[in-house]
Amino acid sequence: MSTTTVKEVKTIKTLNNIAASGLNVFKKGNFTMDDTSANPDAILLRSFNMHGLELGDNLKAIARAGAGVNNIPVEQCTAKGIVVFNTPGANANAVKEMVLMSLMASSRNLFEGVSWAKTLVSEGDQIPKLVETGKKQFVGHEIKGKTLGVIGLGAIGALVANDALALDMDVIGYDPFLSVDTAWNLSRNVKRAMTLDQLFAESDYITVHVPLTEDTKGMFNKKAFALMKPGTQILNFSRGELVNEIDMAVALEDGKIGRYITDFPNEHVLQMKNTIAIPHLGASTGESEENCAVMAARQVKDFLETGNVKNAVNFPNASIPYTGKRRVTAFHLNVPNMVGQMTQVISTYQLNIADMINRSRGEYAYTMIDIDNQVADEIVPLLSKQLKEIDGIVMLRVI
């Protein structure tokens, strides 16, 4: 653990190519970019696998320019007091567009039709006649009036649901953890499914937008398929492991599932009947990469400069306006009297508290305390040392 002040230069390291618009965020402030640093203050990355990578004692923050953090050793970071950020919603529009495009294209057999048309090369003047004859095999269905089930109504799911309504679909949504912020953005015309089984039974199309957890792994399985209408189409732009691929292959062969559209190809998926495998293009737009990069960089910059936490996956979100006064930030065990012990130490230096916030997340908590008085530079190391000696403190900074 180290004590830092706002005047100290902080080192930022990237493990993937990060959009220049994101890196430009660090041009304002006391930051330096060094991708060779063995012990940076913060790391920005996209898909780089950090498991097994040594985490330096100076490392305070890691930001993933994207939603998933499976490539980051989150538990190890938490134990060391390193905050891990992601960028929920930054790529939401890109994924939403891909979902809706795939929904319409698959319903109209567009992918198969385009591939078939390419086989007519060299048929010359016969092509128009062959097209008129052959197009009958690709007759599809309109999505208007059909029911779309949306599992997970976060940033992406809410956008998909709202736009599907605009396309005259009926939309049913399921999300037991729906946040107040997301609820404000969700159309009142989205029907609420009380259970996942209800959504399975009522939907013609199902799109899933939930993280991969022990509870969601393999959620699309034989039992789930048995509840669905014959010919249901499933779209998966979240994680491949949400689907039990063995059960899916059987359901596709039997016609229980009409089509499986996935952004996660593998050897098994590519051999499955009636499957459209997209090479992980859901968030692959220039705009999405820039949005994610800027969002990740801003979160890291704000944390390093003020201690404020937003969109962390292992810290509780906590924010109070930064006025430039000395601020104590502490990540600690969520046990009684931690805040009391910290304020007692602060009071021994005849310092008054101007503002304070304490938020918990599971077995850990995060506290920020603003000091009202002017704090001499020589006092900071002494104050920091004494605070770090409190049993249960994992990470402490005096900014």
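In which sense do strand 13 and strand 15 pair, and over how many bridges? Here are some friendly notes to read beside the model.

1. **Ground rules.** This is a predicted model, in which local features need pLDDT of at least 70, side-chain atom pairs count only at pLDDT 80 or more, and totals for chains, interfaces and linings use all residues. Residues are numbered from 1 along each chain as its sequence is written, and side-chain values use heavy atoms, with hydrogens and water left out.

2. **The opening question.** Strand 13 and strand 15 pair in the antiparallel sense, over seven bridges. Two strands are said to pair if DSSP finds at least two bridges between them. Helices (H or I, at least four residues) and strands (E, at least two) are DSSP runs, numbered from the N terminus. To find this pairing on your screen, look for Val328, which stands opposite Ile369 in strand 15.

3. **The other neighbour of strand 15.** Strand 14 (residues 353-361) also pairs with strand 15 in the antiparallel sense, over eight bridges. Asp355 is placed opposite Asp370 there. The hairpin of strand 14 and strand 15 has two residues between the strands, and in it Gly362 takes a positive phi near 65°.

4. **How covered is strand 15?** Eight of the eight residues of strand 15 (residues 364-371) are buried, so the strand is largely enclosed by the rest of the structure. Buried means under 20% relative accessible area, while exposed means over 50% and partly exposed lies in between (1.4 Å probe, protein chains only). Both faces are covered: Tyr364, Tyr366, Met368 and Asp370 are buried on one side, and Ala365, Thr367, Ile369 and Ile371 on the other.

5. **A parallel neighbourhood.** Now move to strand 10 (residues 232-236), where five of the five residues are buried. Thr232, Ile234 and Asn236 make up one covered side, and Gln233 and Leu235 the other. Strand 9 (residues 205-208) pairs with strand 10 in the parallel sense over four bridges, and Ile206 stands opposite Ile234. From strand 9 the chain crosses through helix 9 (residues 222-227) to strand 10, in a right-handed β-α-β crossover. Right-handed means that, with the strands pointing away from the viewer, the path from the first strand over the helix to the second runs clockwise.

6. **The next step along.** Strand 10 also pairs in the parallel sense with strand 11 (residues 257-262), over five bridges. Here Thr232 stands opposite Ile257. Strand 10, helix 10 (residues 245-254) and strand 11 make a right-handed β-α-β unit.

7. **Aromatic rings.** Rings of Phe, Tyr and Trp (its six-membered ring) pair if their centres lie within 6.5 Å; planes under 30 degrees apart count as stacked, over 60 as edge-to-face and the rest as tilted. By this rule the count comes to eight aromatic pairs. One of them joins Phe303 and Phe315 edge-to-face, at 6.5 Å centre to centre and 90° between the planes. Phe303 is in helix 12 (residues 286-306) and Phe315 in the loop between helix 12 and strand 13 (327-333), twelve residues apart. Phe315 and Phe331 are stacked, with 3.9 Å between centres and 5° between the planes. Phe315 lies in that loop and Phe331 in strand 13, so this pair ties together parts that are 16 residues apart in sequence. Ring pairs link Phe85, Phe303, Phe315, Phe331, Tyr364 and Tyr366 into a cluster.

8. **Charges over rings.** A charge sits over a ring if NZ of Lys or CZ of Arg is within 6 Å of the ring centre and within 35 degrees of the ring normal. Arg397 lies over the face of Phe303, at 4.6 Å from the ring centre. The charged end of Lys10 sits over the ring of Phe31, 5.8 Å from its centre.

9. A nonpolar core is a set of buried Ala, Val, Leu, Ile, Met, Phe, Trp, Tyr and Cys residues joined through side-chain atoms within 4.5 Å. In the largest such core, of 34 residues, Phe85, Val300, Phe303 and Tyr366 touch the most other members. Helix 12 supplies the largest share of this core, eight residues. At least three residues of this core come from each of domain 1 (1-86 + 285-315) and domain 3 (318-398). Domain bounds come from an automatic or database domain assignment, and domain 2 spans 92-277.
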